[in-house]
Protein chains: 2
Amino acid sequence: MATPFHNPSCQHCKDRFSSVFCKAEQCNLEQIAEAKVCSVYRKGQVIFHEGAYPFGVYCVNDGKIKLSHSGDDGREQIVRLIKAGDIMGYKALLSNERYTATAMALEDSSICFIPKDLFLSILQKDASLSFEMMRILSSELRKAELKITHLAQKPVRERLAETLLFIKETYGLEEDGHTLSVRLSREEIANLVGTATESAIRLLSEFKKDGMIELEGKKIRLLDMTEIIRTANLQD
Amino acid sequence: MATPFHNPSCQHCKDRFSSVFCKAEQCNLEQIAEAKVCSVYRKGQVIFHEGAYPFGVYCVNDGKIKLSHSGDDGREQIVRLIKAGDIMGYKALLSNERYTATAMALEDSSICFIPKDLFLSILQKDASLSFEMMRILSSELRKAELKITHLAQKPVRERLAETLLFIKETYGLEEDGHTLSVRLSREEIANLVGTATESAIRLLSEFKKDGMIELEGKKIRLLDMTEIIRTANLQD
DNA sequence: GGGGGGCAATGATATGCGTCAAGGCAGAAT
DNA sequence: ATTCTGCCTTGACGCATATCATTGCCCCCC
């Protein structure tokens, strides 16, 4: 299982200024720092599982996580990619229901757990934190609705190009300025696009043939950004 | 355009207990009651338009509204159905961006407008209202993510059955206990399901032939709920 | 009454994409 | 080395679904 250890400070957390808590009041941060428990999860480990009851929220200190629903037939649909500074598990907590998604580490990650009661009580007191939460929720909702529209209307080819851009936006590129800095299996890419694994593979090959990308195992290099954007056919 | 008139009280609004504001503090309700402007929108009128800047939130007093994105090729995707007691337009306001969806009245509706500054300032002060907003946002996000999974994984037939159930959940049935109490065009149903109009029509005819539903113009009667639920193949 | 416009319905056709099947390749295990 | 296992890749096939085209219906308007 995950290795727990105490991290004494939230005020000095490396992603303090990009996270929800950047707006929280100082005294509340101190309380969180005291109560939270940080753990390291290895690649492939599950942080929480669809159907389980939430006991708190998770704040990612370092690493990459995928959040996915498992559909009726067992196929997974990735609904969100999470990076350092993001929090997860708040939806279930706020609506007081069970998790509707499973969180799994895409690489070794260090994650802080903040107990439910503390989080909720601070949320009651701290208007800035509440507001920031609402901003995050709104933004996620906006993205989700856009994804709905694209799933309903765009062909797989466009969605794949869009997904590549989305991965780049989320996790960025390596030093060379071309390689996506996350390693996803073809199946995971397909589950992000919302298509069959074979279709994703075939289209990636096409993209490669057209000189838009380069493939080397799980490494994906974006060569011709202009063409990728054109293929994604974004206009809203 | 819409006909504006002043409605003196929010405290006595007919949907006060089912809306976000049911948890708001009394004094804040009074402030809202003073500042808000109520208008009647006729069927087909646009309340706000994708791309416009938000100046406040809308609270539906009575009526039915569709919220839709218009995709690249102009086809619309309905992302939410709104009923009395619901609010809309908060997403754009909270994330401080332009509207990403267009709101159009599905029937004559009476809608209150609450100015941006007032709404935001009350949100800062009123923790209960904030919390309620977060609950709503969480719940919408959950629904949106579920819809993403279904769009990606379920065939149109299942999604249509699911959509019929969703319309029933949202707007309920007429007195006969069978007829959906909203009139949608075939195109609107298709845009809700995320499919072509012809496909929606064909499958509705099939449902009818199988005795699941009855069609009479825009009236849809759900006859065999068990079979509809079975067809929707819900399990999460 | 007779057009005209919008919407519903249905058929014909095309195709994107999912599914099934088989083979290749690389890294792990023995 | 050698098997094994998991993942990637490619091909063949068929179906679900989009698209195009036509017809009919109903309601409104002149």
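Is A:Lys66 buried or exposed? With a relative accessible area of 7%, A:Lys66 is buried, since the cut-off for that label is under 20%. Before I go on, please keep in mind that this is a predicted model.

A:Lys66 has a charged partner. Its side chain forms a salt bridge with that of A:Glu188, at 2.8 Å from N to O. The two residues sit in distant parts of the chain, 122 residues apart: A:Glu188 belongs to helix α6, residues 186-193 of chain A, and A:Lys66 to strand β5, residues 65-70 of chain A. A:Glu188 also counts as buried, because its relative accessibility is 14% and the limit is 20%.

Over all chains, a search of the whole structure gives 38 salt bridges. I will pick out a few others.

One joins A:Glu162 and A:Lys154, with 3.6 Å between the closest N and O atoms. A:Glu162 is at 17% relative accessibility and so counts as buried. A:Lys154, at 6%, counts as buried as well.

The next one involves both chains. B:Arg142 forms a salt bridge with A:Glu97, and their closest N and O atoms are 3.2 Å apart. This pair crosses from helix α4 of chain B, residues 127-153, where B:Arg142 lies, to the loop of chain A between α2 (90-95) and β8 (102-105), which holds A:Glu97. How do these two score on accessibility? B:Arg142 counts as partly exposed because its relative accessibility is 23%. A:Glu97, at 33%, is likewise partly exposed.

There is also a network of salt bridges, which links A:Lys23, A:Glu132 and A:Arg135.

Now the relation between the chains.

Next, the nonpolar part. How many residues does the largest nonpolar core have? The number is 62, and the residues with the most contacts inside this core are A:Phe21, A:Leu123 and A:Met133, together with B:Phe21, B:Leu123 and B:Met133. As background, nonpolar side chains in soluble globular proteins tend to be buried together.

Take A:Leu123 from that list. Leaving aside residues up to four places away in sequence, A:Leu123 touches A:Leu94, A:Leu129, A:Ser130 and A:Met133, and in chain B it touches B:Phe131 and B:Met134.

Last, the domains. Chain A is divided into domain 1, residues 3-139, and domain 2, residues 154-232. Their C-alpha centres lie 27 Å apart. The contact takes 11 residues from domain 1 of chain A and 12 residues from domain 2 of chain A.

What is the area buried between domain 1 of chain A and domain 2 of chain A? It is about 1100 Å², with carbon and sulfur atoms giving 58%. On the domain 1 side of chain A, A:Lys64, A:Ile78 and A:Leu81 supply 46% of the area buried against domain 2, more than any other three residues. The count of salt bridges between these two domains of chain A is 1.

That is the end of my part.

Conventions:
Residues are numbered from 1 along each chain as its sequence is written. Chains are lettered from A and ligands numbered from 1 in the order in which they are written. This is a predicted model: local features need pLDDT of at least 70, side-chain atom pairs count only at pLDDT 80 or more; totals for chains, interfaces and linings use all residues. Side-chain values use heavy atoms; hydrogens and water are left out. A salt bridge is a side-chain nitrogen of Lys or Arg within 4 Å of a carboxyl oxygen of Asp or Glu. Helices (H or I, at least four residues) and strands (E, at least two) are DSSP runs, numbered from the N terminus. Buried means under 20% relative accessible area, exposed over 50%, partly exposed in between (1.4 Å probe, protein chains only). A nonpolar core is a set of buried Ala, Val, Leu, Ile, Met, Phe, Trp, Tyr and Cys residues joined through side-chain atoms within 4.5 Å. Contact means heavy atoms within 4.5 Å. Domain bounds come from an automatic or database domain assignment. Buried area is the accessible area (1.4 Å probe) that two parts lose on being put together, summed over both.
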